[in-house]
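Please keep the model open while you go through this note. Each point takes up one topic.

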Amino acid sequence: MERLNKHLASTGAASRRGADKLIEEGRVKVNGKVVKELGTVINEKKDVVAVDDIIVKAVNNYAYILFYKPKGCITTVSDEKGRKTVYDYLQDLNIPHLIPVGRLDYDTEGMLLMTNDGDLAYKLTHPSFEVPKTYLVKVEGEMPEHKLAQLRKGVTVDGEKTKRCKVKLLEYKNGESKIQITITEGKNRQIRKMFDAVEKEVKFLKRIAVGELRLGGLARGGYRYLNDDEIYYLKNM
């Protein structure tokens with residue numbers, strides 16, 4: 001017996017948190033009947049589970065991809081506006097149920113992990129695990145120390161104070177400040193909103209690391225499979 005959300009995560013249909021949302025929206029059926037109750041337990045060996053009327057089954061061979069998301073594409077399967085998505089770069093892989101671990105917005109580039117291991121995706125994105133994510137930020141003008149200190153202590157974003165984080169000024173050159181920031185949260189457009197809170201507009205944003213796993217020398221739009229040591233590290237962070 002297994003909780004329905006955990007089973008959905010094992011199929012790669014969604015992270016465990018995303019599975020709860022699918023259930024609440026009435027998009028999940030068990031043996032042909034819609035199930036909306038969180039905490040539902042199923043017999044994963046006998047019950048037939050479907051999402052949007054498509055039967056899903058547990059994935060036996062998981063894939064773990066490190067992808068360099070370029071600026072100008074979105075982190076969804078499709079887009080009603082016809083914009084390019086991350087899947088346009090990965091379609092030749094033909095890996096079922098590949099999902100992004102977290103999000104990068106349209107104007108942000110950098111490291112994006114992709115997997116069909118729903119449990120790992122859940123662990124790396126749920127706020128309670130506080131997985132550190134490191135970004136390179138560029139803003140116009142000088143970045144005074146008192147504003148860096150504000151960011152480190154936490155600023156108000158969407159009515160809530162952000163958690164303490166690591167912020168380091170890397171250089172000031174040609175009228176532009178380059179800053180490295182590491183956060184353990186993942187609110188929508190959080191980095192941009194944090195800098196807005198100290199009256200600095202982000203001109204360039206790139207995720208360069210998740211934990212100690214770094215983007216490395218990939219070209220924009222490029223990808224590679226994670227090795228066994230990297231997968232072990234992510235699972236045991």
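1. Which residues line the second largest pocket? This is a predicted model, so read every point below with that in mind. The lining consists of Pro132, Thr134, Arg164, Cys165, Lys166, Gln180, Thr182, Thr184, Gly211, Glu212, Arg214 and Tyr233. Find these residues in the view before you read on.

2. Next, the volume and the make-up of the second largest pocket. Its volume is about 190 Å³. Sorted by class, the lining has three nonpolar, five polar and four charged residues. Cys165 is among the lining residues. Cys165 counts as buried because its relative accessible area is 12%, and the cut-off for buried is under 20%.

3. Now the cysteines. How many disulfides are there? The count is zero disulfides. A pair of cysteine sulfur atoms would have to lie within 2.5 Å to be counted. Cys73 has a relative accessibility of 0%, so Cys73 is buried. Cys165, at 12%, is buried as well.

4. Turn to strand β9, residues 109-115. Why can strand β9 be called largely enclosed by the rest of the structure? Because seven of its seven residues are buried. In general, the side chains of a regular strand alternate between the two faces of the sheet. Keep that in mind as you trace the strand.

5. Which strands pair with β9? Strand β7, residues 64-69, pairs with β9 in the antiparallel sense, over six bridges. Here Tyr64 stands opposite Thr115 of β9. Strand β8, residues 99-100, also runs antiparallel to β9, and two bridges join them. Pro100 has Met114 in β9 as its bridge partner.

6. Strand β15 needs its own point. Is the pairing of β9 with β15, residues 202-210, parallel or antiparallel? The pairing is parallel, over two bridges. Gly110 stands opposite Arg207 in β15.

7. On to charged pairs. The count comes to 15 salt bridges. One of them joins the side chains of Lys163 and Glu130, at 2.8 Å from N to O. This pair links distant parts of the chain, with the two residues 33 residues apart. Lys163 sits in the loop between β12 (160-161) and β13 (166-173). Glu130 sits in the loop between α4 (118-125) and β10 (133-140).

8. Lys163 is partly exposed because its relative accessible area is 33%. Glu130 is at 40%, so Glu130 is partly exposed too. Partly exposed is the range between the cut-offs, under 20% for buried and over 50% for exposed.

9. Lys178 and Glu171 form another salt bridge, with their closest N and O atoms 3.5 Å apart. Lys178 has a relative accessibility of 23%, so Lys178 counts as partly exposed. Glu171 is partly exposed, at 34%.

10. Last, the salt bridge between Lys203 and Glu201. The closest N and O atoms of this pair are 3.5 Å apart. Lys203 is partly exposed, with a relative accessible area of 41%. Glu201 is exposed, because its value is 52%. Elsewhere, salt bridges that share partners join Glu25, Arg27 and Asp52 into one network.

Definitions and conventions:
Residues numbered from 1 in each chain as written. Predicted model: local features only at pLDDT ≥ 70, side-chain atom pairs only at ≥ 80, totals over all residues. Heavy atoms only, no water. Buried < 20%, exposed > 50% of the residue type's maximum accessible area, 1.4 Å probe, protein only. Helix = DSSP H or I, 4+ residues; strand = E, 2+ residues; numbered from the N terminus. Pairing = 2+ DSSP bridges. 1 Å grid on protein atoms, 1.4 Å probe; cavity = no way out; pocket = protein on both sides within 12 Å on 5 of 7 lines; lining within 4 Å. Points joined across faces, edges and corners; volume = space filled by probe spheres on them. Nonpolar A, V, L, I, M, F, W, Y, C, P; charged D, E, K, R; others polar. Salt bridge = Lys/Arg side-chain N within 4 Å of Asp/Glu carboxyl O.
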